[in-house]
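The sequence and the structure are shown first.

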Amino acid sequence: MLLLTISFAAGILTILAPCVLPVLPVIIGGSVGSTSKDKVRPYIIATALATSIILFTLLLKVSSWLVNLSPNVLAIFSGGLILLLGVVSIIPELWEKLVVALNWQAMSQRWLGNGERNKDRYIGPILVGIALGPVFASCSPTYAFILASVLPRSFIAGLFYLVAYSLGLVLTLLVLSLAGRRYIRRFGWAIDTRSWFRRGIGILFVLVGLAIITGHQVTAETWIANHLPFDESKIEQTLLTNDSHPLLNAQPVASDILNVPATQAPEFQRLSNWINSKPLTLASLRGKVVLVDFWTYSCINCLRTVPYLEKWYQAYQGDGLVIVGVNTPEFAFEHDPNNVRAAVRDLGITYPVTLDNDYFTWNAYQNNSWPADYLVDRNGYLRYVALGEGDYDKTESAIQALLGLNSQLQTPTYRVPITANQTPETYFGIARQSGLSSTVSSKPNRDGSYLYTATPVDRLEPNTWTLGGNWTVSQQAITAATDGATLSFKFSSKDVYAVATGNGQKMAVGLEDNSTNQFGADAPMGMATIAASRLYHIVSLKQFGVNTVTLHVPVGVSLYTFTFGS
């Protein structure tokens, strides 16, 4: 229920997003009809926009058709419709000829029963709403969370959240449209289709349409994001973080250490491919204190918790502590038990690890984050929950309390390596892609890849990236289709990590001239060997700062995400 409320609130907040503000005039301008009695246009635009967002999202999630579709096609579609509406606003005679040529007048008469009066009343605002759906659908962290995390686990729940998000967005847009329309309506020249005002709106439509088609709206969005006195996406992220766990929001707990009321812990469900142990159940572990750790092996936040988990396991195993690492995959390659087994070996993990490929145990615990720790007492009751990194001293104190110990903690004070204004995690696959600043060919190559033209590095805005060369784009990743493919990213952090897959290819890592030899552990002398599907530490600057990393990606290497640390 809380996520439903957050989804609705996120829709409202999206109106303040940098990717929405540049096209707000299109919404308000499109709401002004050609007659003073034309009151339905704002409602038609809002309804068409909501429908477009929902249908676009479902098509993106359930159909493979969009996976190999050029990212430029949707931009051309949305921008092209807005451009067309702008042209006919500047030259209204074209609209009248178009209506006659396509027989829209007859269709309006049959469908809506209002004949000639409705040819501009319905078709125009419907096209505005449809055109802006794909644009608005990528502006919100909550939208990305619903698309990537909720829909795969529960289609019905994801659909409800998606509708709530769309409803919050379109209702807010409707209020703004009605207010703007009411103000503009005070002036008679605003109604005249041949007035300078209506032609000015047409010019605005043309400019916005061209910006979307050419990708220049990204520049406008970045400028707005860097100059706004607030960060809409951070507000949403805070809301999502506060959607922590129902038990953490329950009644107060009579303990300074244990933070949730005693609640029967859910049994493990459909776990498979156990490592370091035979298959376990909570029932079989009754009498033990069990720490259930939800993680995934390519997540930097999860990897930073592993040394603490291993230290606790070695220190308290003899006192009755059992740790179960539940690998719940974020990316497709994390479903492979061989990959997980190799990661467990490389990380030196000795406690039991298992795979939750279908999210059954994750859902049973109502979990929503990586990493997440759940402490179960000797009687099978949940007593402590920790989401995300940090608070390791508190978690160890809870372990000792449940074991009946009172000894010196093994955990030193820990600062989560995140700095203000640090670049957020950035996904490259089309499902959650953001920040891309490139032009791309509209027609695919024979192998289904597309040719990208990179933005010059000195023109990149902070937190944006650009591709050069031939790339294949899927929902989760981008893959170099030929040698010579490049990716440049302007970031703000100290460390950069890349989630990548490959077969032993050498990937060159470059930095700005003043940052030479400041590479991560997986890129000695600026050369990373992509030999497995995992997280690679590619940059390690001496201190936090703004820099640009350029990867020269060999054919066959796939990149999923960049994460950052300070």
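The model is predicted. It contains 21 aromatic pairs. One of these pairs is formed by Phe294 and Tyr365, whose ring centres are 5.7 Å apart. Their planes meet at 65°, which is over the 60 degrees required, so the pair counts as edge-to-face. This pair joins distant parts of the chain, with the two residues 71 residues apart. Phe294 belongs to strand β3 (residues 289-295), while Tyr365 lies in the loop between α16 (360-364) and β6 (372-376). Both Phe294 and Tyr365 are buried.

The rings of Trp362 and Trp370 have centres 4.7 Å apart, and because their planes stand at 45° the pair is tilted. Trp362 and Trp370 are both buried.

| Arginine | Ring | Distance from ring centre |
|---|---|---|
| Arg270 | Phe360 | 4.1 Å |
| Arg534 | Tyr536 | 4.0 Å |

In the second, Arg534 lies over the face of Tyr536.

How many disulfides does the structure hold? The number is zero. Turning to individual cysteines, Cys299 has a relative accessible area of 11%, and because this is under 20% the residue is buried. Cys302 is likewise buried, at 0% relative accessibility.

Conventions: Residues are numbered from 1 along each chain as its sequence is written. This is a predicted model: local features need pLDDT of at least 70, side-chain atom pairs count only at pLDDT 80 or more; totals for chains, interfaces and linings use all residues. Side-chain values use heavy atoms; hydrogens and water are left out. A disulfide is a pair of cysteine sulfur atoms within 2.5 Å. Buried means under 20% relative accessible area, exposed over 50%, partly exposed in between (1.4 Å probe, protein chains only). Rings of Phe, Tyr and Trp (its six-membered ring) pair if their centres lie within 6.5 Å; planes under 30 degrees apart count as stacked, over 60 as edge-to-face and the rest as tilted. Helices (H or I, at least four residues) and strands (E, at least two) are DSSP runs, numbered from the N terminus. A charge sits over a ring if NZ of Lys or CZ of Arg is within 6 Å of the ring centre and within 35 degrees of the ring normal.
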